[in-house]
Amino acid sequence: MAVLNKIRQRSVFLIIIIALALFSFVLADVIRNGGLSSGNSQNVIATVNGKDIDRQEFAQQVENFERNMGGNMSTTQAVNRIWDERLRQVIIEEQIEELGIRAGDGQVTNLVRTQMANNPNFLNEAGMFDENRLREYVANLKASSPQAYEQWVQFTDNLRETAKINNYYTMVGAGIGATEKEGELAYQFQNNNVNLKYVQIPYDKIPHSEAQVSKSEISDYIKSHPEEFKKEASRSIQYVVFDEAASNDDKTESQDALKKLRGERVEYNAAISANDTLPGFDNADDYEDFVNNNSDLPFEGRYKFRNDLKGEYSDTLFNLNEGDVYGPYEENGYWKMSKMLESKEIPDSVKASHILVAYQGTRLGAGLSRTKSEAKELADSIARVVKADTAKFAQLAVEFSADQTAQQNNGDLGYFTPGAMIPEFEQYAFGAKTGDVGVVETPLGYHVVAVKDQTTPAKAVKIATIAREITPSEKTMNNLFNEVTKFEIAAAEGDFSEVAKEGGYEVKTVQDMKAMDENIPGAGAQRRIVQWAFGEDAKTGDVRRFDTNNGYVVAQLTEKSDEGLMSAEDASSIVTPILQNKKKAEIIKSQIKGQSLDQIAQNQGVSVQSADAINLAQPTLTGAGSEPRVVGTAFGLKEGETSQPIAGNKGVYVVQVVSKFEAPKMDSYKPFAQQQSMATRAQATMGVFEALKEKAEIEDNRSRFY
């Protein structure tokens with residue numbers, strides 16, 4: 001009571017303390033997210049050229065897209081897809097608005113006509129799209145269903161936006177073309193050609209040690225080519241994977257539990273308030289029920305041929321005698337025990353037709369007043385007619401069958417294999433003979449079945465298998481957690497790699513992860529690791545444990561790299577070969593001696609090569625590959641003239657023009673100008689968005705939320 005009185009006396013003081021604590025918590029969150037001025041950042045997925053993309057709207061679009069994909073795409077993949085669409089939409093819409101582009105009603109109508117070309121609501125008696133019917137339809141919607149009319153307006157608004165975008169791209173294409181002079185140049189590039197001889201001294205002839213490249217030279221090259229070496233923000237990590245795997249004790253325990261199912265066992269039965277003796281796998285009365293109640297895998301009641309059985313034990317299982325039990329055996333992460341229930345010769349496929357007579361209460365019996373007994377009577381009657389005259393089967397199928405799919409084929413089901421049909425139906429089809437007609441009851445109703453053909457019978461088996469998944473026990477999982485925790489603590493306090501080495505763990509690395517990456521090589525989809533690495537609080541050297549579907553990952557952040565130009569180290573693999581080849585080219589040029597190609601080739605230990613009918617449209621040298629600088633130089637030489645050494649892509653070249661061919665002049669080069677225009681327009685249309693995207697100011701916040 002004394003304590004309660006003290007709390008009451010200081011209640012105002014406590015309220016103030018709690019309020020200050022809550023305020024500090026909120027203030028810390030505000031500061032962490034960019035200060036008081038950017039409180040709206042929590043509702044913005046991105047800002048593009050000053051326009052915010054709302055986070056909730058974006059999230060709804062992602063959710064809808066995932067739903068439409070039916071779970072075949074991860075959330076990160078869906079986010080990236082919607083991001084590409086929204087980014088394109090915002091950037092192109094900005095251009096459309098700036099240029100004042102509009103779409104007329106006629107364009108929208110044309111798009112509606114395209115979308116609704118096969119909709120019977122808008123077709124006239126001649127089967128053609130009728131605008132009057134469209135107007136009448138919209139007027140009726142507006143009068144009778146405001147909600148449907150609103151959806152129609154939204155549909156046409158979307159088409160109007162599509163028309164604007166089409167207009168924009170049409171304008172871009174219209175502003176690009178080629179003159180007749182450019183057409184003439186294109187003609188000459190394709191048809192003028194040269195025959196030449198050349199000597200190639202490859203760069204590989206000079207050792208790398210004679211063309212050393214310094215870090216400062218790489219840095220200078222990056223600075224002089226900044227557009228080529230832009231990079232996104234990235235992170236690098238090293239990590240160890242800890243898989244949850246069953247121990248040997250776990251496997252033995254699971255195997256023993258499976259063995260115990262073979263014999264009879266006594267269990268308490270609450271229904272009779274006494275012990276009850278239950279049959280085992282060796283003498284079960286109902287194997288389907290026994291397997292489904294005692295196995296981690298369901299009962300498969302169909303007959304299987306030899307080719308249907310897969311795995312290491314398939315031959316052994318197929319050759320069991322009826323009643324034999326095999327196992328336990330380990331397969332695909334399970335302990336299994338199998339019993340041969342039945343073996344017989346059956347066709348591996350059957351061709352049959354059927355007429356399904358449904359009745360009230362069955363899945364296909366909606367709207368029927370027919371009772372079950374009436375359906376049975378009708379099916380028997382149809383069977384008698386078919387047995388007397390099989391030619392009437394197709395007509396009766398169209399008239400009576402509730403199976404609309406088979407009805408379209410006059411009841412014909414084609415060939416099917418065991419396991420393809422409902423068990424009762426399948427049992428009759430594979431057990432009957434070709435030409436037999438019978439009535440089969442299934443949950444769908446009564447089937448009049450006509451067996452049309454059967455393949456040659458072969459041995460098939462029906463096997464019951466009980467399986468127990470081999471999983472780690474709670475004890476094993478607890479031991480793993482303790483092991484992981486110890487490693488996490490030791491790695492955070494010491495050297496990650498050394499601690500892993502001492503524990504016998506494999507260290508894996510990931511270099512240059514991007515903010516929206518999802519997969520970690522060797523660990524699968526681990527989006528949380530990427531988010532952590534890019535978090536504002538994560539520091540180089542930090543270690544953290546992550547739960548996965550199969551265990552744990554302990555990761556260390558090893559490097560943080562901000563957006564900007566690549567460092568000399570990062571760009572070394574790209575720049576070093578370029579600068580080395582430049583230095584090697586100068587060395588090779590200084591070593592070239594001789595007045596003729598033969599002399600140069602002999603001095604350099606190479607041979608003279610030939611290349612015929614080379615043009616500027618495809619500047620490729622036979623035996624050397626693409627060498628535009630070399631081919632361009634050759635076109636500037638006269639017949640018989642030899643070039644100075646040329647630094648190409650793969651080496652230093654000296655070329656001699658053997659002969660030149662100039663294509664005959666044409667009266668008009670318009671066809672080539674048109675061809676050039678089409679190619680340039682197509683290229684511009686595809687590249688305009690990328691160019692606008694490159695120019696745009698984009699603040700991408702996706703990684704904060706996904």
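1. Ground rules. This is a predicted model, in which local features need pLDDT of at least 70 and side-chain atom pairs count only at pLDDT 80 or more, while totals for chains, interfaces and linings use all residues. Residues are numbered from 1 along each chain as its sequence is written, and side-chain values use heavy atoms, with hydrogens and water left out.

2. The largest nonpolar core. A nonpolar core here is a set of buried Ala, Val, Leu, Ile, Met, Phe, Trp, Tyr and Cys residues joined through side-chain atoms within 4.5 Å. Buried means under 20% relative accessible area, exposed over 50%, and partly exposed in between (1.4 Å probe, protein chains only). The largest core has 27 residues. Ile-53, Phe-58, Val-62, Ile-91, Ile-92, Tyr-168 and Tyr-706 touch the most other members. Two or more residues come from each of β1 (44-48), α3 (55-68), α4 (75-99), α7 (146-174) and α23 (670-695). Helix α4 gives the most, with nine residues. Helices (H or I, at least four residues) and strands (E, at least two) are DSSP runs, numbered from the N terminus.

3. Contact means heavy atoms within 4.5 Å. Beyond its neighbours within four places in sequence, Val-62 contacts Thr-75, Ala-78, Val-79, Ile-82 and Tyr-706.

4. The largest pocket. Its volume is about 1500 Å³. A pocket is found on a 1 Å grid over the protein atoms alone, as an open set of points where a 1.4 Å probe fits, with protein on both sides within 12 Å along at least five of seven lines; lining residues have an atom within 4 Å of a point. Grid points are joined across faces, edges and corners, and the volume is the space filled by probe spheres set on the points. The lining has 35 residues, with Ala-233, Ala-515, Asp-700, Asn-701 and Ser-703 nearest the centre. Elements giving two or more residues are α4, β4 (230-231), α19 (527-534), α23, β26 (698-700) and α24 (702-705). By type, the lining splits into nine nonpolar, eight polar and 18 charged residues. Here Ala, Val, Leu, Ile, Met, Phe, Trp, Tyr, Cys and Pro count as nonpolar, Asp, Glu, Lys and Arg as charged, and the others, Gly among them, as polar.

5. Helix α14 (residues 393-400). Phe-393, Leu-396 and Ala-397 are buried.

6. Ser-314 and Met-128. Ser-314, in helix α12 (residues 314-318), is buried at 6% relative accessible area. Met-128, in the loop between α5 (105-115) and α6 (131-144), is exposed at 52%. Leaving aside residues up to four places away in sequence, Ser-314 touches Arg-306 and Leu-309, and Met-128 contacts Phe-122 and Leu-123.

7. Backbone points to check. The peptide bond from Gly-327 to Pro-328 is cis, with omega near 5°. Pro-328 sits in strand β8 (residues 325-331). Asn-332 has a positive phi of about 50°, although it is not a glycine. Asn-332 is in the loop between β8 and β9 (334-347) and is exposed at 68%. Ala-613 also has a positive phi, near 55°. Ala-613 lies in strand β21 (residues 608-614) and is partly exposed at 48%.
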